Amino acid sequence: MAGTTSEAQPPACTRGRVCEPTVILAQLPVKGKATMTCHYCRVDCQRFGKHRNGLQRFRCNSCGKTFTEPHQQITRAEEFLREENGLLALRMICEGSSVRSASRITGLHHRTILQVIAVAGERCENLMAKHIRNVPVSDVQCDEIWGFVYKKRGNRHGGEENFAYIGDAWTWVAIERHTKLVLTYELGKRTVTCASQFMRKLAEATNPAQRFQLTTDGLAAYNYAVGNELEGRVDYAQLIKIYDQAPPEEARRYSPAHLAEAIPTPVYGDPDEKRICTSHVERQNLTMRMCMRRLTRLTNGFSKEWDGLKAALALHFAYYNFCRPHQTLKGATPAMAAGIAVRAYSLGELLAEAA
């Protein structure tokens, strides 16, 4: 109404409505302790004891509201990463045990172990991306290792042919020859798209100011990917392998084809023909087969889900780089040999660092 002065509405906490005040965290510049300010009254709150879980409680002197500092959301799987049984299960997984074996020994349910692997894999993936960047290298080898998810490609039926995450799963691996450091990896198909993504990761992991020699197998997808992502940074060569005539079905299932000839083929730059080799990355493939139950041939230990295989790969490579000493490196880890770490980490320390 004209000529009248409207009064300001009182704060919500004084209008008889039940509400939870929004908490604002701040840091005291002198003591460095956390304090809180009531959202409605805009006054500093006093400390009001401790919650039963150890968190600080506060009370607003104006409206009398009491509340607790924000809780840190910790999942059950993250709690197991701090317990001995959870770490023991992960160590068993890293050394080639199956999920069921780890479950029988640790007493944890197999679904719990799968959840722990998923959380640990996410942490390890972030840790690899953070610490393995701009690494000076001189000789890098790349290869792909085959696996499958849920079922083999030939056993798909119905609409399963349209699902990209059912069937073949190729892991692209790049390793530095001298330090044995796994620089990067990529889980996908054997296509140009995955090859390009893999080479993009390799470009980020290596020092752009240092030229290095790169050797791959004869997969045609590498030609475009290397030229597009690493042009001017590498001396690139392929090791073309020629195999004998395919053996009978029984022999093919249980033994690889016989290698007839390996032809070193320079592609870009000026690679040293004496260093055109993929033996080190192929030995890494053997390590993966032995230490990852999901990649062991002719067993029922394959991955049932794509994300599960991705998490297991991240866990394996982080453990391999930072925790596992190598005899060829005189007891050092690949991360130590590359100058990324100063000592070998335990699995618990690695996961705590990645948290």
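The model is predicted: local features need pLDDT of at least 70, side-chain atom pairs count only at pLDDT 80 or more, and totals for chains, interfaces and linings use all residues. Residues are numbered from 1 along each chain as its sequence is written, and side-chain values use heavy atoms, with hydrogens and water left out.

**The sheet.** Select β8, β7, β6, β9, β10 and β11, which in that order form an open, mixed sheet of six strands. Strands (E, at least two residues) and helices (H or I, at least four) are DSSP runs numbered from the N terminus, and two strands pair if DSSP finds at least two bridges between them. At the edges are β8 (182–188) and β11 (259–268); each has a single partner strand, so one side of each lacks a neighbour in the sheet. From one strand to the next the twist averages 20 degrees.

**The hairpin.** Next select 167–176, strand β7, which runs antiparallel to β8 and is joined to it by six bridges. Five residues separate the two strands of this hairpin, and Lys-180 in the turn has a positive phi of about 65 degrees. Across the pair, Trp-172 has Glu-186 as its bridge partner, Val-173 stands opposite Tyr-185, and Ala-174 is partnered by Thr-184. On the β6 side, ten bridges join β6 to β7, again antiparallel; here Cys-142 has Ala-174 of β7 as its bridge partner.

Now colour by burial, where buried means under 20% relative accessible area, exposed over 50% and partly exposed in between (1.4 Å probe, protein chains only). Seven of the seven residues of β8 are buried, so β8 is largely enclosed by the rest of the structure. For β7 the count is ten of the ten, so β7 too is largely enclosed.

**The helix across the sheet.** Select 221–229, helix α6, which lies across β6 (139–149), β7, β9 (212–216), β10 (234–243) and β11, at about 175 degrees to β10. Axes are lines fitted to C-alpha atoms, for helices over the stretch in contact, and angles run from 0 to 180 degrees between N-to-C directions.

**The cores.** Select Met-199 and Leu-214, the residues with the most contacts inside the largest nonpolar core, which has 78 residues. Such a core is a set of buried Ala, Val, Leu, Ile, Met, Phe, Trp, Tyr and Cys residues joined through side-chain atoms within 4.5 Å. Helix α9 (306–322) gives the most to this core, with twelve residues. A second, separate core of seven residues includes Met-36, Cys-38, Phe-58 and Phe-67.

**The helix pair.** Finish with α4 (110–131) and α11 (347–354), which pack at about 75 degrees with axes 9 Å apart. This makes α4 roughly perpendicular to α11 (65 to 115 degrees; under 35 is roughly parallel, over 145 roughly antiparallel, the rest oblique). Contact (heavy atoms within 4.5 Å) involves residues including Ala-120 and Leu-127 of α4 and Leu-350 and Leu-351 of α11.
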